[in-house]
Amino acid sequence: MKKIVVLVSGQGSNLQALIDACQQGRLHASLAAVFSNKADAYGLERAREAGIPAHALDAREFSDRVAFDAALAEQIDAYAPDLIVLAGYMRILSAAFVRHYAGRMLNIHPSLLPRYPGLHTHRQALANRDAEHGTSVHFVTEELDGGPVILQAKVPVFDGDSEEDLQARVQVQEHQIYPLVAQWFVSGRLTMQEGAAWLDGARLPPEGYAAE
């Protein structure tokens, strides 16, 4: 069975979606460990409750980002994972870390990339009066939120929506599509080649898998 290591910084709701998917047989993989840059991240508690090894590293104990990421990679590699999943991991990754896991690290971002990379995506969607918003699962590359998109899910934006309303609507979709994409990867259907995402031997378009 393929092994997944998950990185979290906060509540870990997408981690919980992955745990649930494994328990329900929708994700045929083992969640080998969860790591966080915050010792008080609730995602670590979710991991412990599920019997998954949970680890925290404090960036203040390292000289710089590269040193932190090197130590993190060393601990991750002890689990020999097939896939690294970023689930609300809020640290910018060093180039060396990204290269080390090239083609086997996924992220989920709360916007319809390439719109709104970075932070405050829901605020930007509301400020620009977008009719739709959503979330994107993508491979991680050295470009922040710029790796090839695998799958997106769209949600409507309603008059009177708050950031919290929009975030909640987006998260419902995140919890559906992230385990699905992870399953595509561990089953061998999904790869990154030539700077693009490929599913079932076909190169996906820039917006990712688009079939209904």
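**Notebook: loops, rings and a hairpin**

I started with Arg 129, which counts as exposed at 75% relative accessibility. The model is predicted, and I read every entry below with that in mind.

Where does Arg 129 lie? I found Arg 129 in the loop between α5 and β6 (132-139). I then looked up its backbone. Phi of Arg 129 is near 55 degrees, a positive value in a residue other than glycine.

Next I went to the loop between β5 and α5, where His 120 is found. His 120 is not a glycine, yet its phi is positive, about 60 degrees. His 120 counts as partly exposed, at 47%.

I stayed in the loop between β5 (105-109) and α5 (121-127), as Pro 114 lies there too. Which residue does a cis peptide bond join to Pro 114? I noted Leu 113, with omega about 10 degrees.

Then the hairpin. Strands β8 (residues 190-193) and β9 (residues 196-199) run antiparallel, and I counted four bridges joining them. Leu 190 has Leu 199 in β9 as its bridge partner. Two residues sit between the strands of this hairpin, and Glu 194 takes a positive phi near 55 degrees there.

I turned to the rings. How many aromatic pairs does a search of the whole structure find? I logged four. One of them is Phe 35 with Tyr 79: edge-to-face, 6.1 Å centre to centre, 75 degrees between the planes. Phe 35 belongs to strand β2 (residues 30-36), while Tyr 79 is in the loop between α3 (65-77) and β4 (83-86), so the pair ties together parts 44 residues apart in sequence.

Tyr 79 counts as partly exposed, at 21% relative accessibility. The cut-off matters here: buried means under 20%.

I also looked up Trp 184 and Tyr 209. They form an edge-to-face aromatic pair, 5.4 Å centre to centre, with 75 degrees between the planes. This pair links distant parts of the chain. Trp 184 is in helix α6 (residues 163-186), and Tyr 209 is in the segment after β10 (202-203), 25 residues apart. Trp 184 counts as buried at 6% relative accessibility. Tyr 209 counts as partly exposed at 34%.

Last entry: what sits over the ring of Phe 68? I found the charged end of Arg 91, 4.2 Å from the ring centre.

Notes:
Residues are numbered from 1 along each chain as its sequence is written. This is a predicted model: local features need pLDDT of at least 70, side-chain atom pairs count only at pLDDT 80 or more; totals for chains, interfaces and linings use all residues. Side-chain values use heavy atoms; hydrogens and water are left out. Two strands pair if DSSP finds at least two bridges between them. Rings of Phe, Tyr and Trp (its six-membered ring) pair if their centres lie within 6.5 Å; planes under 30 degrees apart count as stacked, over 60 as edge-to-face and the rest as tilted. Buried means under 20% relative accessible area, exposed over 50%, partly exposed in between (1.4 Å probe, protein chains only). A charge sits over a ring if NZ of Lys or CZ of Arg is within 6 Å of the ring centre and within 35 degrees of the ring normal.
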